[in-house]
Structures are given as structure tokens and as C-alpha cells.
Amino acid sequence: MWESESESVGGGRDYGNGDFRLSKQSVKNDGFELKGNSWYVATDIPSDLLVKVGEVNFHLHKYPLLSRSGKMNRILYELRDPGLSKMVLDDLPGGPEAFELAAKFCYGISVDLTAANISGLRCAAEFLEMTEDLEEGNLIFKTEAFLSYVVLSSWRDSIVVLKSCEKLSPWAENLQIVRRCSESIAWKACANPKGIRWPYTGSKVATKVSSPNWSDMKDSSPSRNQLQVPPDWWFEDASILRIDHYVRVITAIKVKGMRFELIGTAIMHYASKWLPNIISDHGSGLTPDEGSNSSNSSGSSWMGGLHLIVAGTKDNESSTVQAKDQRMIIESLISIIPPQRDSVSCSFLLRLLRMANMLKVAPALVTELEKRVGMQFEQATLADLLIPSYNKSETMYDVDLVQRLLEHFLVQEQTEMSSPSHQSFIEKHYERGTGPNAKMRVAKLVDSYLTEVSRDRSLSLTKFQVLAEALPESARTCDDGLYRAIDSYLKAHPTLSEHERKRLCRVMDCQKLSIDACMHAAQNERLPLRVVVQVLLSEQVKISNALSNSALNEAGRDSNYQPMVPNRKTLLEGTPQSFQEGWATAKKDINTVKFELESVKAKYLDLQNSMENLQRQFDKMTSKQKHTSAWSSGWKKLGKLTKTTMVENQNVGPDHPTDGGAEQTKKIPRRWRNSIS
């Protein structure tokens, strides 16, 4: 408890033409009395000054206030009105509560300074200019001493004071209260847990977000229960702070060298408290305690968890304010996430990215968040990747976003592989169980994502193909997932043309399909015939090699022997009946195509004969002319060229071997053109 001193500054003061003299000892009072919405001094002397702060009226006396407040002195001096009986101080920081304490201090009444009222009273003292120039031991000195020696040495008081500074901007910032409390919290958070002797909330969830639940502090104190203090002991207490003050605390903690994994976990804890929907997509995503927090804090945009905004709410203005607060929280959290890999989970980053896209966060921060996801894209899950499209796109899911994330992942992998520390990079990733397998996991993830989004009828073939071909061929050892996605896309898009279906199937390697996938593909009527034939041939080779290996193992032959691919008859004999039937159908189709090709060749030869007949008739008609035109000579040359081609084709036929072609063809002597000159 801090009591104001009883000494007063002697001597009167002259304000204009009036003389205001009143000794402090003559103002006898027994305290303040509240009547309705007004405060009165319990004294026999009538009040001569009405001070209005907000909606509260204070009926006071001039001298006790003027003796310790420089602002009151200046107001009376500037107005030159000794009879002034009313003042309005609506802009006083701390409001009526802080002015009540300051007025009691001026009257010499004992004032209890606590962590809950010290910040408002310190700002009010600065506003009223209650400095040492007016009286030694004035209110500024008292409050500063309490802040420095009591508040900043206590973990609990530092948290409470920093929380109370939320309504005191910019006074708390200018007076360095926010900075000093943030530094104090950071120092204590970075302390060795073995040396912690102060109480803390720990993992307990507070019933109100505005202030921690300090009632059970003794149970959480290490000195009481002698339990080992966990590294995350400070998460719950720090998470009650507003986002701008929390950023100040985390920034100070980073400077002091705390491990980035612990900082990332603290950020995720804060996000789960203020953005409950980042943990659960269904319903409110709140635990029972968190639900009570949010229900109790519905009156203020900063009190408690901030829910996702649902379109069409009754109070549009309130929804706009909440959306703005959510956007501020997300942008601030993105800016303070440690840059190191694995500081936060990939699932948390993707959920943060989902909310950032929905709330239209700054594009630069969204791009930075996408790069962070690309750094650890192999840790993502399918549920986290199914992000709806919020930019009025044609597709149900944001496929372009996943494409960008995949590109960031490939760029990051390429950069790390080409870096000088490539060897240490490989060792580090092998220790974490990643490395070359990262691309394989990403390939499986992309195949599962394609299977899910392929059901969307508005998904274009180009987007599907670009995303499927983004990864290198070495990333997929088996194309079963890709075949499943292609089959799902063909089901959802039955109107695709033959050319589009062939184009879609080019992204798949038939030789990488398993036996089950090949059996399904052989009977899949949605696949093009060409793909079915490729699947059958590759499967026959696999079955033959499997049978050969089985036979060799039974015979006990050398394991280094490489089985050779047998002839077609052996393949057909070792192939199951279903594959033989499929092969017979495909063979009929191939023979049909060959027959059509032979028909086209025959028609081509008929056209050649008709052209030769026309050429002969034309030559007869023009043989009577004395000079042959250039046009007719060109037709003759074309006719000779055609005859020569037919002769060569007949010589290279099945009845004439190619080795004797040179002897049967006569060499035509070169004709020399006679010069007219």
C-alpha cells in the first residue's frame, strides 16, 4: 500500500485578478461517496469544482487538485477564469477509475496500488502532469517506483499489467510500459525451468481470457509440489495477451535465443486459443473450456477466441470487426513464425493458409506462407490440402494453390541439392527419415489429391495433367495412385473425346502398374484401346518373369540368372484366361486396322494408275505442238518420277530380295543439255 504524503506546497497562487487561497488542512474528509453516477467528498466544505470524466461526475475542491496537477493549473491559467467550476476530461487515459484514484491521492487518502490499476494510474498521472516539480513524491514518482520494483520483478504482475495496457494506447507505449513488461516476460520465459520459483498457470485453461486464473497458483508453484517445470510452462499465461503485445513478447524471446521449436509451439498454442477453427473444421472446434471462453467474451472483439465469420450474419458490422481482428492475428502470426524448418507443423501452416485465403490476407504474406509450406510439403496430409477455392474460381478446390505449393517444394529440393553443403543436407535428412523418400511421399500425396479433386466436373483436363506431370518420373515407383485418379476423372467426365482420353492417359506409365491395377485396367471400358493393349503386354512380361523366377527358385538354380522374355506362344500359355481373352479381342482389332490399311494402299495404287492414264492422254494431245511448254514438261517429269517410284516399290516387295536390287536396276545415263549458244 502506498500512501500520499501529507505535506503541501506552501503559499498561495494568483490566477488573473482572483486570489485562490485554501490550506489543505482545512479540507477535512472521511473519503469519497458514490451517489448514483457521481462521486462526492465526505467533508463539510461545499464542492467548488465539477470534473466530468466520461459519464461519471466528480464533485471536488480546486486546491487539492491544483496543488499536485500541472494540467489543472494550466487550464485555469489559460482560461483566466478564477470562477471556473466545471472541467471535462474525456480523453483522460484510464477513464473514471484512474481519475478516482488520482483524486484520492490528491486528497491524501490511502490508495492501494495493484497490478490491475497501476498502468491506468501511471498514464493518468502523466496526463494530469503530477510531477516532482509541484510536490516531492508526487503520483508519477509513486507509480514509477511500483512498476520498477514490484511489477517487473513478478511474472504474474508483468502479465496482468501488459494485459491492462490494451486500452491505454498510445500512453502505455510512450511511457515504455509495454516495452518493459515485454522484456520482463521474455527474460522470465527464457529462464532455466529448474530455477523457477514463481507461480504460473501452466497447462490449465483459464476461465476468462482477459486475465489468468490466479486462484490456483499455489498448486502450480514448483516450490509447492516439487515437480519438474515443463518447457512450455509460460504458454498459457502469455496466450492471454492481445496479438500486438504477444508479438512484442515473442520478438523479445527470439532475441534472447530461445529454441525455435519451442517458439513455434507457443505460436501454435496461441493460434489454437484465439483461432479455434484452425484446429477443427467442423463446428466451432472448441473444447468445453474454450467454448466457455468464447461465450463469455462475445462483448469484445479482443476478448477470447475469434470465430470464423459466417456469411449472412445478422450483425454485419460486428462480423466485419471480427474479420478484421482475425486478419490481424493471422498476419501477425505469419510474421513471427521462426524461419527454420519444422519450427511449426505443416498441418498448422496449411490451416493458417486456408484462413489467410478466406480472409484476404496481404498477398506478400500469403506467398511467404506458401513457401514455408513448400519447405516441409512432404509432411502434409490430404485433409489439409483440400482447401476450398475462395476466389470465385470454377473449381471446388483450389488446385492452383496446390500447384504452387508443389512448385515451391521442387524449387526448395533443387536448391538444397545444388548447395555446397549438399552432403550435410543429405545426412541431416536421413537422420529425420526424409531425404530421397520425400518426393515419393509427395507423389503419393499428389495422387491422392488428384483422386479426390477429379470428381469435380469443373476441373479442366489441362489442370489435371499439369499437376500430375509436375513431379519427375523418378518420384513414382508405382503408378497405381495415378491410375486411380485417371479412372476417377474419366468417370466424372464421360464426355471426353478419344483424343482427350489418350492425352489424359499419357501421364501414366503402364509398366509401373501393379498386377491388381493391370487386371482392373484390362477390363476398364473407359480407357482407350491403345492403353489397354499396352497394359496387357506389360502385364504378360511381368507374369512371365514371375513364373520364371518361381521356377528357378524351385529348381535351385543360380540366383544371378536373369530370366529372358519368352516367345508369344509361351506368354499366352502362361497367361491367365482373362488376359488371353483380352488379348484375343485386341488382336482382332489390330487385324481390322491392318486390313483397313491394305485397302487404303490399294486405293492409292488405283489413283496412281488413273494419273498415268491421264498423263498419256495429255501427252498425245500436246505431241502435235512444236514447242513444249514448261507446264507440260513438268507433268512429264512427274510421270517419270511416279513410274520410277513404282518400279522401286515392286523391286522391294516380298518376292524380291533387297540384296539383288542393285543388279536388277539399270543405270540410266545422264543426259547433257546442249547449249544453244
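Is C510 buried or exposed? I find C510 buried, with a relative accessible area of 7% (buried is under 20% relative accessible area, exposed over 50%, partly exposed in between, with a 1.4 Å probe and protein chains only).

I note that this is a predicted model, in which local features need pLDDT of at least 70 and side-chain atom pairs count only at pLDDT 80 or more, while totals for chains, interfaces and linings use all residues. Residues are numbered from 1 along each chain as its sequence is written, and side-chain values use heavy atoms, with hydrogens and water left out.

**Cysteines.** I looked for disulfides (pairs of cysteine sulfur atoms within 2.5 Å) and found zero in the structure. C505 is in no disulfide, and its nearest cysteine sulfur, that of C510, is 7.7 Å away. C510 is likewise in no disulfide; for C510 the nearest cysteine sulfur is that of C518, 7.5 Å away. I also find C505 buried, at a relative accessible area of 5%.

**Helix pair.** I examined α21 (residues 437-453) and α22 (residues 461-468), whose axes come within 10 Å and cross at roughly 165 degrees. Helices here are DSSP runs of H or I, at least four residues, numbered from the N terminus; axes are lines fitted to C-alpha atoms over the stretch in contact, and angles run from 0 to 180 degrees between N-to-C directions. The crossing angle therefore makes α21 roughly antiparallel to α22 (over 145 degrees).

In contact (heavy atoms within 4.5 Å), V446, Y449 and L450 of α21 meet F464, L467 and A468 of α22. I classed the contact residues as six nonpolar, no polar and no charged, with Ala, Val, Leu, Ile, Met, Phe, Trp, Tyr, Cys and Pro counting as nonpolar, Asp, Glu, Lys and Arg as charged, and the others, Gly among them, as polar.

Terms used: Helices (H or I, at least four residues) and strands (E, at least two) are DSSP runs, numbered from the N terminus. Angles under 35 degrees count as roughly parallel, over 145 as roughly antiparallel, 65 to 115 as roughly perpendicular and the rest as oblique.
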